[in-house]
Amino acid sequence: MMGQTTARLPLYLRRSERSGSKRRRVVAELPNGLTVTGVTSGISCHIAELLGAGRQSEIYLAARLGEAVEIAWYPDAWRAFDTTLRDRLQELVDRGAPSDRFIWPKELVTSSGAAGIGCLTNLANPDSLSLGQLAIGTNVSLGAAVNIGYELAESVAALHAKGLCYAVIDDNDVAADPVTGHIEMWNFDNVLVDGTPARIRGGGPFVAPEVVLQQRGPSRYSDLYSLAVLLFTLLISHHPLHGGGEELLFIFDPEDESNRPVPGRQDRPLLSWTIYPQFIRDLFTRAFTAGLREREARVDAVEWRNAMLRLRDSRSSCPLCEAEVFSDAAAVDARCWNCRSELGDQTRA
Ligand SMILES: [Zn+2]
């Protein structure tokens, strides 16, 4: 079990390879064979291999009582910056994982041979790719993508039910098996008790406007914005605000067409938008019109979960070309997005 090759868990490496971003220089703080010890159980883990680096941590494969585990290790240099890290990690250990889809700390560990703190976590799926690496029609099917959307919404709902939220979440923090559509939630060290201040502030295309503008700290409401953007980019293969205009405006705002995708240059969202049933388009519209401006107007994670379940159940295939389609009871003139033939009653739910 410990003879795993570098192909065993290349997720972190795949991430940086894809993005083309400068890979964080990984200095292995923990040499192979070093012992780290659980602060509660006193049980030893033996470091076997550096797997890669997360945002703040180094990830190691280790053996604990003959079983493979992962150790996330935070060097002292990081702890000096993130002074509440240890307390936050302990809080997550005490509360327990929101569901088994989360890579989650089980116990804090320390070592007499290295300065820093770590935690023991469950093993990641070696076949998972981050959401940023998945594209419908390229390496994931429409059906698997819908399942990813369902599991993602359910996971965020489970996190919120525990009174927790993310300081920041993006498409590198959610990973999925592209074949099965089963997901893993990654960045537990960016999880907060909802309502507590965040040490880490994020920007970028997945972060809610009120957080980017530093009007408010992260909360379950900012998670709901991030969740809607993640679902939109997953299903529509485009960012919901990146159209031909300059304003902070939904590209399919029903009352203002000034930020519509540009035909010829942004054809993918123009096509993708038409293949989903009206109830999905309505939820995205609410999320990125009223929900863009008012955080209380955002679509709740439970509502997203239920919608994704309904979407999953409404999957069908075109009787003519066998493309994956959705039945849409609200559409008067439902046509196959692929071959444009009319979809008869056999595709209706
Ligand atoms: Zn067709």
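Over the face of which residue does Arg220 lie? Arg220 lies over the face of Tyr221, at 5.6 Å from the ring centre; a charge is taken to sit over a ring if NZ of Lys or CZ of Arg is within 6 Å of the ring centre and within 35 degrees of the ring normal. Arg310 is placed over the face of Phe279, at 3.7 Å from the ring centre. The structure is a predicted model, in which local features need pLDDT of at least 70 and side-chain atom pairs count only at pLDDT 80 or more, whereas totals for chains, interfaces and linings use all residues. Residues are numbered from 1 along each chain as its sequence is written, and side-chain values use heavy atoms, with hydrogens and water left out.

A search of the whole structure finds 14 aromatic pairs, where rings of Phe, Tyr and Trp (its six-membered ring) pair if their centres lie within 6.5 Å, with planes under 30 degrees apart counted as stacked, over 60 as edge-to-face and the rest as tilted. Phe250 and Phe252 form an edge-to-face pair, 6.0 Å centre to centre with 80° between the planes. Both Phe250 and Phe252 are buried, that is, under 20% relative accessible area, with exposed meaning over 50% and partly exposed in between (1.4 Å probe, protein chains only). Phe284 and Trp304 form a tilted pair, 5.0 Å centre to centre with 50° between the planes. This pair links distant parts of the chain, 20 residues apart: Phe284 belongs to helix H8 (residues 278-288) and Trp304 to helix H10 (residues 301-313). Helices (H or I, at least four residues) and strands (E, at least two) are DSSP runs, numbered from the N terminus. Phe284 and Trp304 are buried. Ring pairs join Tyr225, Phe232, Phe250, Phe252, Trp273, Phe284, Phe288 and Trp304 into a cluster.

The zinc ion is coordinated at 2.3 Å by the SG atoms of Cys318, Cys321, Cys336 and Cys339; donors are N, O and S atoms within 2.8 Å of the metal (3.2 Å for Na, K and Ca), and sites may look incomplete because water is not among the atoms. The arrangement is tetrahedral because the four donor atoms subtend angles of 106 to 113°, the criterion for four donors being that all angles lie between 85 and 135 degrees. The donor residues follow the spacing C-x2-C-x14-C-x2-C in sequence. Cys321 lies in the loop between strand E12 (315-317) and strand E13 (324-326) and Cys339 in the segment after E13, so this pair ties together parts that are 18 residues apart in sequence. Cys321 counts as partly exposed at 27% relative accessibility, as does Cys339 at 30%.

Conventions: Tetrahedral: all angles 85-135°; square planar, octahedral: opposite > 155°, others 65-115°.
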